[in-house]
Amino acid sequence: MKEGSGEDQNVAPSVYSHVSRPGSHRYKSAKKGLPFNVMLVGESGLGRTTFINTLCERVVIPPTECGDCEQAHIAEPMQFKHYTVDMEEDGMKIVLNIIDTPGFGDGIDNENCFTRIQEHIETQFDYVLAEENRIKRNTKFMDSRIHALIYFIAPTGHSLREIDVELMRRLGSRINIIPVVSRADSMTPRELVLFKQRVMNDIAAYGIPIFSFPDPEEEDDEESVEENAELRAMLPFAVVGCEEIINEEGRPVRVRNYPWGVVQVDNDEHSDFDRLRYVLLNSHIADLRDRTHNGLYELYRTEKLSGTNVVSSGTANAAADVLSADAAAPAVQPPMAPQSHPVAA
């Protein structure tokens with residue numbers, strides 16, 4: 001069996017994976033795998049660890065136990081933890097580099113968290129900029145720019161909180177933000193629909209630039225236009241994660257068991273998780289990489305070299321024209337930090 005292919009009987013494959021849907025990758029398969037870098041940001045208890053394990057269809061981060069219960073209430077400083085997972089989706093080898101941020105939002109004053117995440121993202125841009133300015137470039141240079149940030153929103157049922165607005169406003173011009181409602185099974189279907197509407201109303205009201213699945217430049221690509229319109233209507237994605245697998249009619253199914261029934265992670269009627277997984281690892285992996293290189297990085301490069309701030313803090317409109325002019329360019333191969341932890345199949 002190939003890693004991440006979903007062929008193992010103990011693994012419940014995504015319904016949008018190559019097992020049941022034809023490929024839509026826009027890159028030819030690389031021998032070593034196509035690098036794709038994702039950052040996860042959200043407060044503790046919102047299911048980041050479970051999301052990673054469910055996304056990769058294996059245990060990437062094992063469960064942790066609190067060593068000293070008397071110290072459990074003390075907030076730990078935010079950390080950047082790197083994990084590397086070799087996967088295969090739809091015949092495409094992918095080197096998935098995950099940056100987790102445990103400790104985010106757990107303190108009273110989270111200003112330092114905002115600053116550190118922004119600096120980490122911009123540092124990856126600086127590495128590429130420095131390499132571009134070299135007279136003799138390193139042919140083995142590894143690009144660590146982050147292609148997508150999954151931001152976990154607490155299912156409060158009300159609207160975005162100040163921490164949500166501030167984080168996404170600061171980073172919207174630096175990274176492709178994809179907002180998700182975590183633990184979506186804690187809300188009724190009606191509550192979830194209303195909460196999604198409030199979140200998107202807040203995003204529009206505060207001018208938060210998220211990755212909103214822009215239509216392709218090819219106007220005759222009706223299939224992509226229709227798919228992107230459908231995905232925009234689903235924002236923010238409502239996700240449910242789990243690591244429990246049951247056998248249903250001879251096939252493995254990932255579920256969360258409750259006294260009143262089960263929630264199937266890969267069932268579109270129960271969760272948007274499977275659609276989000278397909279977006280990240282199949283249909284929009286090229287778009288996210290291209291927009292990072294041709295839009296977000298170019299905007300940052302312009303600011304850095306001109307000494308001006310093209311995008312004022314928290315405004316999306318100023319960057320709209322720049323980010324929408326994503327010209328086609330060869331993708332640069334990305335890496336990860338040396339402290340990453342490779343995960344075996």
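Contact here means heavy atoms within 4.5 Å. The model shown in these views is predicted.

View 1. Not counting residues up to four places away in sequence, Thr101 touches Met39, Leu40, Val41, Gly42, Arg48, Met78, Gln79 and Phe80. With a relative accessibility of 0%, Thr101 counts as buried. The backbone oxygen of Leu40 is reached by the side chain of Thr101 at 2.7 Å.

**View 2. Aromatic pair of Phe51 and Phe273.** The whole structure has 9 aromatic pairs. Phe51 belongs to helix α1 (residues 48–56) and Phe273 to helix α6 (residues 273–283), so the pair links distant parts of the chain, 222 residues apart. Phe51 and Phe273 are both buried. Together with Phe152, Phe51 and Phe273 form one aromatic cluster.

**View 3. Aromatic pair of Phe104 and Tyr151.** The ring centres of Phe104 and Tyr151 lie 6.4 Å apart and the planes stand at 85 degrees, so this pair is edge-to-face. Planes over 60 degrees apart count as such. Phe104 is in the loop between β3 (92–100) and α2 (111–132), while Tyr151 is in strand β4 (residues 148–153); the pair therefore ties together parts 47 residues apart in sequence. Phe104 and Tyr151 are both buried.

**View 4. Arg145 over the face of Tyr297.** Arg145 lies at 4.8 Å from the ring centre of Tyr297.

Key. Residues numbered from 1 in each chain as written. Predicted model: local features only at pLDDT ≥ 70, side-chain atom pairs only at ≥ 80, totals over all residues. Heavy atoms only, no water. Phe/Tyr/Trp six-rings, centres within 6.5 Å; stacked < 30°, edge-to-face > 60°. Helix = DSSP H or I, 4+ residues; strand = E, 2+ residues; numbered from the N terminus. Buried < 20%, exposed > 50% of the residue type's maximum accessible area, 1.4 Å probe, protein only. Lys NZ or Arg CZ within 6 Å of the ring centre and 35° of its normal. Polar contact = N/O pair within 3.5 Å; in protein donor to acceptor, adjacent residues only side chain to side chain.
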